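Me: I've got a new model to look at. Can you walk me through the fold?
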Amino acid sequence: MDEERKIIFVSGASRGIGAAIALNLARAGYDIWLNYRSSTAAAESIQKKIEDLGRNCRLLPFDVADEAAATAVLEPLFDEVVPYGLVHNAGIARDNILPLMQRREWDDVLNVHLNSFFILGRLFSKMMLSKRQGRIISIASISGETGQAGQVNYSAAKAGLIGGSKALARELGKRNVLVNVVSPGLIETEMIEKLPLDKILPLIPLGRVGKVDEVAGVVRFLLSKDADYITGQVISVNGGMYM
Amino acid sequence: METTKKLLKEILVNDLKIQGIKPEDISDTEPLFGDGLGLDSLDAVELVVLVQKHFGVQIEDMDEGKKAFASVESLALYVLDHKE
């Protein structure tokens, strides 16, 4: 770290890619505001690891789709300090083919990925504008780039994140607030446990699934000074599965 | 009223970082946006945050905000009207 310690807020960071991002950023010297909804034990174990690295980690449990809850937690904190970065990673999957999809499966997925982008994006961007610095990174998915059968809800939400992030990048550029998207392919997490990997691996030029730290490293780069001139971009981390 | 207007002009210049102008150069009735001081919609967002910080006055409704943001004078009136 070349400057004073910066804080990064990571949504959905108790498990999976989010937890890896929080840890990776802590190793790079950032303090973490760690958001999660229900996995308290998992969140506390990440917090401990971060504190063992000598960094601060503030646990912020709330549902990112709940605007009142997000506002109640974040606004009082913003009076003291505004984080340098927002990494919007929170996500769920409720896979089903559209003819059979329940309205609830659609709504839940859109709420957690996309309505939360509105909620968090609005709260953070308002404060970052005045600081004339900041980074917002959305974690999308290859499904949002290519479309994926059985994931009309998830693909729509992730494609929405990509479009929303590009538009926001245009809005905030003049104030030196940079907005980018990291779009993972198949990454070794609970989310892909049930997939038929023997059928999928041949579609990936690198012939393997990705590791969570291979996503986290790109997030770290986008937060760094090396990425000062990058905004509105979608960086895919997918082993070449989609080009 | 005069103190509020003076403070608002200082906020505009110092916090919104309007280039090449001193607080005392801003007239009370000059439009803040567009042709006047040339503020844009991002400045409006910042001004909402600054007004809340300095005066404890929250501008929730941007229709109301637009009227208040017409000039230093109208903003000072709005602030004094809504201050606790």
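Me: Start with the sheet. What is the strand order, and is the pairing parallel or antiparallel?
Reply: Keep in mind that this is a predicted model. The open sheet has seven strands in chain A, ordered β3-β2-β1-β4-β5-β6-β7, and the pairing is parallel.

Me: Which strands stand at the edges?
Reply: β3 (57-61) and β7 (234-237) of chain A. Each has a single partner strand, so one side of each lacks a neighbour in the sheet. From one strand to the next, the twist averages 20°.

Me: How many bridges join β1 to β2 in chain A?
Reply: Four, between residues 7-10 and residues 31-36. In one of them, Ile7(A) has Asp31(A) as its bridge partner.

Me: What does helix α6 of chain A touch?
Reply: Helix α6 (residues 152-172) packs on the sheet against β5 (134-139), β6 (177-184) and β7 of chain A. Its direction makes about 160° with that of β6(A).

Me: And α8 of chain A, which strands does it lie across?
Reply: β1, β4 (85-88), β5, β6 and β7 of chain A. Helix α8 covers residues 212-223 and runs at about 165° to β6(A).

Me: Switching to the core. Which residues touch the most other members?
Reply: Ile21(A), Ala22(A), Ile32(A), Leu34(A), Val215(A) and Val219(A), out of 84 in the largest nonpolar core. Helix α4 (residues 103-131) of chain A gives the most to this core, with ten residues.

Me: What does Ile32(A) touch, leaving out residues up to four places away in sequence?
Reply: Its contacts include Ile8(A), Val10(A), Ile50(A) and Cys57(A). Arg55(A) is also one of them.

Me: Last one. How much of chain A is buried?
Reply: Buried residues make up 44% of the 243.

How values were computed. Residues are numbered from 1 along each chain as its sequence is written. Chains are lettered from A and ligands numbered from 1 in the order in which they are written. This is a predicted model: local features need pLDDT of at least 70, side-chain atom pairs count only at pLDDT 80 or more; totals for chains, interfaces and linings use all residues. A nonpolar core is a set of buried Ala, Val, Leu, Ile, Met, Phe, Trp, Tyr and Cys residues joined through C-beta atoms within 7 Å. A residue is buried if 20 or more other C-beta atoms lie within 10 Å of its own, exposed if 12 or fewer, and partly exposed in between; C-beta atoms are placed from the backbone. Helices (H or I, at least four residues) and strands (E, at least two) are DSSP runs, numbered from the N terminus. Two residues are in contact if their C-beta atoms, placed from the backbone, lie within 7 Å. Two strands pair if DSSP finds at least two bridges between them. Axes are lines fitted to C-alpha atoms, for helices over the stretch in contact, and angles run from 0 to 180 degrees between N-to-C directions.
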